[in-house]
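Here is a quick walk through one structure, written for someone who would rather look than read tables. Keep the viewer open and follow along.

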Amino acid sequence: MRKYPSTERKTVATPSPGYAITVRVETPSSAGATGSLVAAVAAAGGSVTALDVAESHADTLVVDLTCDVTDVDHGSTVTDALAAVPGVSVRKVSDRTFLMHLGGKLEVVPKVPLKHRDDLSRAYTPGVARICRAIADNPEDLRRLTIKRNTVAVVTDGSAVLGLGNIGPGAALPVMEGKAALFKQFADVDAWPVCLDTQDTEEIISIVKAIAVSYGGVNLEDIAAPRCFEIERRLRAELDIPVFHDDQHGTAIVVLAALTNALRVVGKEMSAVRIVVSGVGAAGHAIIQLLLAQGAKDVVACARNGAVHRGQEGLDPDRAWIAENTNADGFTGSLKEALAGADVFIGVSAPNLLDGDDIATMADDAIVFALANPDPEVDPAAAREHAAVVATGRSDYPNQINNVLAFPGLFRGMLDAGAREITDEVMLAAAQAIADAVNPDEVNASYIVPSVFDPAVAPAVAAGVREAAR
């Protein structure tokens, strides 16, 4: 069994911008004052990112020290370390993530000038009545003459928020705001959070249908399985705008893109590899569907109690579909047993299910996508010792599988095309565009997907989607 040198650090808590704090301290104005502050933060395990003098007096300085920490408790440890420096007093501690969210992350900005009476007369009464009559006479003008053509509803019930679970619609709102901001930043799509205070399938379907007149598309987000399957199916059938459950299909698109390039690295073909998927919820189901559409022939899906297979009792309709379309050999063992000899592992399930010894049983030049967040199914460093390519959902490791590579460009393309149906062909085109955004001479074991900040990705995805949708 081939063994690869480990080039990644162990999965340990590291300082993160998500837990950045700014500590305002008063310190004697000696030559080494600021150096003592930086040293105290470093000794406590923090990472200083900025040091600003807020006030300067003859005998004292007031300093704002900004640093990344690992969590809230670590922030307190760093603050205590600063307070313990001789002559230093802590005035205030600010959590930079909370500061960013004060008042929310979105606003509405008019696209037209409203500087004088003539502007008002055209944008509002009496001129706007002409536009209303035009739409009433010709409903097709709704998309041309309103925000509908560039607006997406980001809909959630807060039942399956990443890493947090069923926290409800209010607590999910900051996530939906963030999603809307990403739509605008990466694809100039105007998106708006729609958080619904119900987890009843029929109510959600009814509400979304009722508000859909204002939107050009619907992005379903953080809705638990299996409810999400029925909601998406019904809305796709009953609305004339694209409906997309990002937790399912956004994940599947980026996984396929990453796997396309990973297979290039190891010189294997999709149709010839054995793929084991851990997790048969929303993401797992969609990944399997898209892999099969791309030509995968040998897929085994594993749930908590082992492989999903034909003849298994108690399967819901979605797992029954998996049983009928995968695992042709009827394997009935555990996840660990399924891994033996497999070429690819894709985990969208739970943390710490596997160890390095399990990965060692896989085929030579194995590919491991351990995507549970924040803690993956297997320690990436342990996996890297035995696998040729390793990807995670984390930003602090190479090859992050991040949905932002897919959904902004996908909706940009769908809106531009005026299309209503997100087909397998559309999603395959999006995945291919993401994969091709990494030049052939750039593809390697640590670079199988482009950066989320690569400005070429969303336009490339949009172009591919437009062509496929038309």
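## A strand residue to start with

Let's begin with Val53, which sits in strand β2; helices (H or I, at least four residues) and strands (E, at least two) are DSSP runs, numbered from the N terminus. Val53 counts as partly exposed because its relative accessibility is 47%. On that scale, buried means under 20% relative accessible area, exposed means over 50%, and partly exposed lies in between (1.4 Å probe, protein chains only).

β2 supplies the largest share of the patch, three residues.

## What you are looking at

This is a predicted model, where local features need pLDDT of at least 70 and side-chain atom pairs count only at pLDDT 80 or more, while totals for chains, interfaces and linings use all residues. Residues are numbered from 1 along each chain as its sequence is written, and side-chain values use heavy atoms, with hydrogens and water left out.

## The sheet and its helices

β2 belongs to an open, antiparallel sheet of four strands, ordered β2-β3-β1-β4. Its edges are β2 (47–56) and β4 (89–95), each of which pairs on one side only. On average, neighbouring strands are turned by 20° against each other, direction ignored. Two strands count as paired if DSSP finds at least two bridges between them. Eight bridges link β2 and β3, with Ser56 opposite Leu61 in β3, and a hairpin of three residues connects the two strands. Nine bridges join β1 (residues 16–28) to β3 (residues 60–69); Arg24 has Asp64 of β3 as its bridge partner.

Helix α1 (residues 33–43) packs on this sheet, touching β1, β2 and β3, and its direction makes about 150° with that of β2. Helix α2 (residues 72–83) lies across β1, β3 and β4, at about 15° to β1. Axes are lines fitted to C-alpha atoms, for helices over the stretch in contact, and angles run from 0 to 180 degrees between N-to-C directions.

Beyond its neighbours within four places in sequence, Val41 contacts Gly46, Ser47, Val48, Leu65, Cys67, Val78 and Leu82, where contact means heavy atoms within 4.5 Å.

Most residues other than glycine have a negative phi, and most peptide bonds are trans. The Thr125 to Pro126 bond is cis, with omega near 5°, and so is the one joining Ala225 and Pro226, at about 5°.

Asn327 has a positive phi of about 55° and is buried, with a relative accessible area of 4%. Asp365 also has a positive phi of about 55°; Asp365 is buried at 18%.
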